[in-house]
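Reader: I'd like to go through this one label by label, with the cut-off behind each. Can we start once the structure is up?

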Amino acid sequence: MGMFERFMEKASLADESEEYLDDEGYEYENYDEEAPVSSIRAVTPAEEVSRIATCWPRTFADIQTFADEFRKDLPVILNLSQADDAARQRIADFALGVCYGRGGNLNQISDDVLLMTPYSVRMEEHRADGTNRLGR
């Protein structure tokens, strides 16, 4: 017998003489005490970003520094101006993978600067012409 059939069998075995009515003067027969209900608690809002890490990796060996900061859900500014072209590409690829793996975004600020934003941080772009754009 499948799970659905067992469920239907148990659901149809209910004693039909039991009455569960509302508060309009009817009594509840064979009704157990209500289960305790916990009160609704507000979800604590996410903390405002109070710190942004800035890193200047020169070689691929320097990636642990910014990856550890990003794993703490901190935005990270990567300044790649001191890295050579080969290291710059590897560092950028690694940063993109870290952001993707943690559900964040990698934003290019300039040719040498990248901004890694965790999932909890939304980047907004405000342009001089008055138009705005969300990064997510």
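Author: Asn107 sits in strand β3, residues 105-108. This is a predicted model, where local features need pLDDT of at least 70 and side-chain atom pairs count only at pLDDT 80 or more, while totals for chains, interfaces and linings use all residues. Residues are numbered from 1 along each chain as its sequence is written, and side-chain values use heavy atoms, with hydrogens and water left out.

Reader: What makes residues 105-108 a strand?

Author: Helices (H or I, at least four residues) and strands (E, at least two) are DSSP runs, numbered from the N terminus. Residues 105-108 form such a strand, β3.

Reader: Why is Asn107 called buried?

Author: Its relative accessibility is 13%. Buried means under 20% relative accessible area, exposed over 50%, and partly exposed in between, with a 1.4 Å probe and protein chains only. So Asn107 counts as buried. Over the 136 residues of the protein chain, 22% get that label.

Reader: What does the side chain of Asn107 make a polar contact with, and how do you know that it counts?

Author: Its partner is the side chain of Thr117, at 3.4 Å. A polar contact is a pair of N or O atoms within 3.5 Å; within protein, one must be able to donate a hydrogen and the other to accept it, and residues adjacent in sequence count only if both atoms are side-chain atoms. At 3.4 Å, the pair Asn107 and Thr117 qualifies.

Reader: Which residues is Asn107 in contact with, leaving aside neighbours within four places in sequence?

Author: Contact means heavy atoms within 4.5 Å. With those neighbours set aside, Asn107 touches Val113, Leu114, Leu115, Thr117 and Met123.

Reader: How do you know that β3 and β4 pair?

Author: Two strands pair if DSSP finds at least two bridges between them. β3 and β4 (residues 113-117) have four bridges, in the antiparallel sense, so they pair. Asn105 has Thr117 as its bridge partner in β4, and Gln108 stands opposite Leu114. A hairpin of four residues joins the two strands.

Reader: Why are β1 and β3 called edge strands?

Author: The open sheet has four strands in the order β1-β2-β4-β3, with mixed pairing. β1 and β3 each have a single partner strand, so one side of each is left without a neighbour in the sheet. Neighbouring strands here are turned by 20° against each other on average, direction ignored.

Reader: Which helices lie across these strands?

Author: α2 lies across β1, β2 (76-79) and β4, at about 165° to β2. α3 (residues 85-102) lies across β2, β3 and β4, at about 140° to β3. Axes are lines fitted to C-alpha atoms, for helices over the stretch in contact, and angles run from 0 to 180 degrees between N-to-C directions.

Reader: What makes Arg51, Glu69 and Lys72 one network?

Author: Glu69 also meets Lys72 in a salt bridge at 3.6 Å, N to O. Lys72 counts as exposed, with 53% relative accessibility. The salt bridges share partners, and that joins Arg51, Glu69 and Lys72 into one network.

Reader: How do you know that Arg71 and Asp68 meet in a salt bridge?

Author: Their N to O distance is 4.0 Å. Arg71 and Asp68 are three residues apart in helix α2, so about one helical turn separates them. Arg71 is exposed at 56%, and Asp68 is partly exposed at 31%. By this rule the count comes to five salt bridges.

Notes:
A salt bridge is a side-chain nitrogen of Lys or Arg within 4 Å of a carboxyl oxygen of Asp or Glu.
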